[in-house]
Amino acid sequence: MRLGVGLLFLAAGFLEITSAQQLKLPPPSKAIPSTTVKPDLEHLTLEAVLAAVEKHYPPLRAALLDQPIADAEYLAAQGRFDLAIRSIVDTNNLGFYESRRWDVSVEQPLQTWGASVFSGYQVSSGRFPSYDGKFQTDGLGEYRAGLRVPLLRDREIDGRRTDLRKADVGRRIADLGIRQQRIVILQLATNRYWNWVAAGRRFEVANAILNIAVDRETILEKAVELGQLPAFEVQDNKRIIEQRRAQQVMARRALEAASFDLSLFYRDGQGQPVIPQNSQLPPAFPEPAAIDDRQLEADIEMALRRRPEIARLENQQEQVRLDRRLAQNRRLPNIDFLLTFDRELGQRQVLRGPSELRAGLIFDLPLQRRTATGQAIAAQQRINQIDQRLTFLRDQITVEVRDAVSAVRAAYESAMATRSEVTFTRNVEDLERQRYDLGESNLFFLNTREIQTADAAVREVGALADYYRALALYELAIAKALGNVRP
């Protein structure tokens with residue numbers, strides 16, 4: 001009697017479970033209800049997702065705004081060298097000395113030597129006391145021009161030039177910060193993509209093993225009608241169907257969740273999230289490849305050259321060095337050279353002039369200079385701190401690369417092992433089905449073998465997903481997305 005049932009099973013050869021990479025999904029409408037309707041013209045590739053991230057991912061676009069902000073701060077620092085104009089209107093009424101005076105002047109700070117040039121014009125009328133005689137001008141006023149040059153303090157560096165140079169370094173730091181966020185975001189998008197692909201493969205396995213039990217039900221019912229099997233076999237198969245249907249629902253939900261997660265990165269031309277459909281799933285994982293152990297040292301060197309964290313700390317250290325130079329500069333005596341030319345215009349009303357060339361020195365020195373000394377010491381200690389952080393960061397990056405390579409190697413070996421496990425498990429299942437067809441086994445053992453095959457297929461999917469996630473982490477560790485140029 002069981003042999004007759006076996007013939008029925010042999011006639012239905014489609015019962016054998018195929019690998020997760022050979023299965024076909026049901027139409028998208030049956031798998032993931034979605035309000036986002038997109039034409040499924042081709043499989044969704046990782047490159048397409050990353051291209052969408054580069055163009056439309058809001059956190060990356062927000063990070064890109066750090067550059068114009070840094071440029072604006074640089075422009076603000078340049079403003080400290082803006083041409084300044086000042087005007088004074090002064091009148092004295094009701095007193096013994098009644099006078100009127102108008103004065104306008106411009107001053108231009110220079111980046112060379114910390115110098116500044118100035119020019120001005122004043123005109124006055126009325127009477128001035130002797131102590132304000134400098135305000136008295138000839139009839140057409142007085143023109144003046146001059147130059148101020150620091151000889152010690154503020155000659156090599158001053159507050160204005162320090163702020164400008166720090167703002168320039170800040171622009172480089174902003175660019176490095178953008179690069180750092182970019183590779184992290186791309187790695188995150190890569191993980192989301194492989195999670196979606198893995199969820200799709202798991203759903204295919206769950207769908208396929210459910211279909212096996214569903215297709216077997218018709219054969220078992222017919223065998224019961226012919227009196228070749230007891231009704232118990234049909235009831236047991238119905239139990240198996242419901243159990244596998246529940247597992248399929250869970251797998252479908254996991255695929256939906258992975259699709260929603262991926263939609264945050266996969267966006268249309270207007271930047272709106274697009275929920276990928278089941279039909280866009282790639283037919284299989286790409287073939288994994290092992291990492292050459294001889295490449296490890298080159299990878300470490302590459303990571304130390306590419307990783308923006310190192311260059312970012314180095315640039316921050318450069319800013320602190322500028323602070324130290326400024327503090328050391330403030331400990332110097334202030335000796336300024338001043339050169340002024342004055343020219344009286346119009347009818348002679350004052351005894352000076354008509355032209356004068358004056359030169360002088362201005363000396364200023366706080367005796368204790370504790371503020372500048374404290375600032376210099378603090379800056380030096382911050383430089384030492386950053387040196388320690390750089391040392392540890394280089395060690396950390398080296399360990400990260402070694403660990404990433406180890407993870408990729410282990411994931412590759414695991415994927416190859418589970419692939420072999422799937423092959424052997426499927427062979428055992430086929431043999432068990434032959435025994436069942438010959439009446440030497442029962443549905444319980446056959447169901448167990450089918451579940452073992454499905455579990456092995458799911459583990460293979462997980463191992464492949466782990467491999468590509470580990471590969472993404474490895475590419476993050478060596479900053480592959482930044483290319484070969486040091487940031």
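Biologist: In which strand is Asp342 found?

Modeller: The model is a predicted one: local features need pLDDT of at least 70, side-chain atom pairs count only at pLDDT 80 or more, and totals for chains, interfaces and linings use all residues. Residues are numbered from 1 along each chain as its sequence is written, and side-chain values use heavy atoms, leaving out hydrogens and water. Strands (E, at least two residues) and helices (H or I, at least four) are DSSP runs, numbered from the N terminus. By that assignment, Asp342 is found in strand β5 (residues 334-344).

Biologist: Does Asp342 count as buried or exposed?

Modeller: Buried means under 20% relative accessible area, exposed over 50%, and partly exposed in between (1.4 Å probe, protein chains only). Asp342 has a relative accessibility of 4%, and therefore counts as buried.

Biologist: Which side chain is joined to that of Asp342 by a polar contact?

Modeller: A polar contact is a pair of N or O atoms within 3.5 Å; within protein, one must be able to donate a hydrogen and the other to accept it, and residues adjacent in sequence count only if both atoms are side-chain atoms. At 2.9 Å, the side chain of Asp342 makes such a contact with that of Arg358.

Biologist: Which strands form the edges of the sheet?

Modeller: Two strands pair if DSSP finds at least two bridges between them. Six strands form an open sheet with antiparallel pairing, in the order β1-β2-β3-β4-β5-β6. Pairing on one side only marks the edge strands, which are β1 (84-92) and β6 (355-364).

Biologist: Which residue of β4 stands opposite Ser119?

Modeller: Strand β3 (residues 116-126) and strand β4 (residues 142-150) run antiparallel and are joined by seven bridges. Opposite Ser119, the residue in β4 is Ala145.

Biologist: How many salt bridges does the count come to?

Modeller: Side chains of opposite charge can pair when their charged atoms come close. The rule for a salt bridge is a side-chain nitrogen of Lys or Arg within 4 Å of a carboxyl oxygen of Asp or Glu. By this rule the count comes to 34.

Biologist: How many residues apart in sequence are the parts tied together by Asp323 and Lys166?

Modeller: The side chains of Asp323 and Lys166 meet in a salt bridge of 2.9 Å, N to O. Asp323 lies in helix α9 (residues 308-330) and Lys166 in helix α6 (residues 159-225), so the parts they tie together are separated in sequence by 157 residues.

Biologist: Does Arg307 count as buried or exposed?

Modeller: Arg307 and Glu400 meet through their side chains in a salt bridge (2.9 Å, N to O). This pair links distant parts of the chain, with Arg307 in the loop between α8 (296-306) and α9, and Glu400 in helix α10, 93 residues apart. Glu400 is partly exposed, with a relative accessible area of 31%. Arg307, at 7% relative accessibility, counts as buried.

Biologist: In which helix does Arg459 lie?

Modeller: The side chains of Arg459 and Glu421 meet in a salt bridge (2.2 Å, N to O). The pair ties together parts that are 38 residues apart in sequence, because Glu421 lies in helix α10 and Arg459 in helix α11 (residues 443-477).

Biologist: What distance separates the C-alpha atoms of Asn427 and Thr453?

Modeller: Asn427 is found in helix α10 (residues 370-437). At 38% relative accessibility, Asn427 counts as partly exposed. Thr453 is 26 residues apart from Asn427 along the chain, and the separation of their C-alpha atoms is 9.1 Å.
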